[in-house]
Amino acid sequence: SVMTRFCAGFALAPRVLLSRSVFHSFLSFASITGACRAIQKLTRVRVVDNSTLGNTPYHRPPKCIHVYNKTGVGKVGDKILLAIKGEKKKALIVGHKMPGPTMTPRFDSNNVVLIEDNGNPIGTRIKTPIPYILRQREGEFSKVLAIARNFV
Amino acid sequence: RISSDGNPAKFQPPPKPVIIDKQKQREEKRFLSPEFIPPRGRTDPLKFFIERKDMIQRRKVFNIPEFYVGHVLAVTTADPYANEKVSRFVGICIQRGGKGLGATFVLRNVIEDQGIEICYELYNPRIQAIEVLKLEKRLDDNLMYLRDALPEYSTFDVNMKPVSHLDHEEVPVNKLQVRMKPKPWSKRWERPKYNIKGIKFELPEKKMKEAQKWSQPWLEFDMLREYDTSKIEDKIWKEVSEGLKK
């Protein structure tokens with residue numbers, strides 16, 4: 001039944017990609033796992049900056065392969081390792097589907113910004129809203145916050 | 001004036017005008033916020049009494065307007081990490097939960113193709129203003145299905161002007177039937193346990209019939225689940241209105 005669902009998903013693929021040309025349609029395809037913990041190994045994420053690596057379509061969605069954290073669970077502001085287009089890239093989590101503390105925003109998709117090893121963002125603009133909580137660590141994320149347009 | 005007899009008619013004073021004071025009618029219609037009603041349980045009512053005192057104290061200082069699920073609200077909070085230390089969020093209220101001082105409401109909006117939900121605490125001192133931009137009840141108490149609906153139903157302009165609403169009128173009910181994204185959804189909204197009336201189900205008849213397999217028609221007749229709050233509400237309403245007048 002999983003195979004049939006996947007085939008159904010691929011049959012729908014061209015229609016879905018034509019009508020809503022947003023790359024993250026990959027994520028809610030044949031089956032979705034509900035939000036368990038925020039971002040851990042093998043979660044499919046959505047890259048929200050305007051870098052070429054994050055926005056060129058590929059037949060596999062970008063997946064997290066490591067979380068730089070004592071626990072393996074990444075929340076907003078944690079760095080993770082992504083596998084995109086066959087290469088490894090570090091990224092910063094800017095929003096997840098799991099509800100956090102009250103008064104903080106909960107996003108409808110797991111958002112991530114591609115980053116170099118020294119913390120410089122690869123893209124030049126972030127259109128999606130970023131939570132204000134990230135401003136707390138202004139020292140580490142100053143360059144990412146500088147390219148962000150909207151805050152929530 | 002001369003009547004048909006030819007003699008002058010008796011003076012008939014004009015009929016007294018009947019004044020319907022709609023403001024007074026409105027005061028008789030009372031609204032008690034759902035977080036005042038204590039949940040059913042074996043907790044000491046003293047705890048709820050003390051909580052209500054604190055809630056009334058906060059309401060005296062800060063005005064929490066009457067709102068239901070489905071209203072479009074704008075909330076300004078104090079945020080140490082925001083630009084002007086103040087952050088404003090506009091969204092539709094999809095859920096009101098919690099009782100007492102921990103009462104919360106969730107606002108949802110779609111900004112730049114990204115759906116965002118924020119759960120605010122009603123009595124949190126960080127909240128500086130709650131404005132009701134649009135008064136509109138929906139067919140359901142819980143609009144969580146908006147997460148699986150098309151994004152157009154959750155988008156609200158951040159700079160929208162408050163829609164004027166007269167005090168004495170009833171809150172209008174919007175009988176909108178929302179169209180959903182293709183399945184899979186986060187919850188199986190077609191099942192009778194959610195009892196949703198605000199979705200236009202475009203599922204085949206077979207699926208709708210299959211969903212009815214999970215219906216529990218005996219639940220509404222279960223006497224142990226009954227919780228009649230009318231008397232409790234009357235008592236608490238009197239307590240709250242007296243507390244607010246002082």
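Leu46(B) sits in helix α2 of chain B.

This is a predicted model, where local features need pLDDT of at least 70 and side-chain atom pairs count only at pLDDT 80 or more. Residues are numbered from 1 along each chain, and chains are lettered from A in the order in which they are written.

Now for the inside. A nonpolar core is a set of buried Ala, Val, Leu, Ile, Met, Phe, Trp, Tyr and Cys residues joined through side-chain atoms within 4.5 Å; buried means under 20% relative accessible area with a 1.4 Å probe.

| Core | Size | Some of its residues |
|---|---|---|
| Largest | 51 residues | Phe105(B), Tyr120(B), Tyr145(B), Leu146(B) |
| Second, separate | 16 residues | Val48(A), Ile130(A), Leu145(A), Ala82(B) |

Those four residues of the largest core have the most contacts inside it. Among the elements giving it two or more residues are α2 (45-61) and α4 (230-245) of chain B, but β2(B) gives the most, with 5 residues.

Tyr145(B) is in contact (heavy atoms within 4.5 Å) with residues including Trp189(B), Met180(B) and Ile199(B), leaving aside neighbours within four places in sequence.

Back to β2: that strand (a DSSP run of E, at least two residues) covers residues 86-97 of chain B and holds Ser87(B). Is Ser87(B) buried or exposed? It's buried, with a relative accessible area of 9%. Not counting residues up to four places away in sequence, Ser87(B) touches Tyr132(A) as well as Ala82(B), among others.

Definitions and conventions. Side-chain values use heavy atoms; hydrogens and water are left out. Helices (H or I, at least four residues) and strands (E, at least two) are DSSP runs, numbered from the N terminus. Buried means under 20% relative accessible area, exposed over 50%, partly exposed in between (1.4 Å probe, protein chains only).
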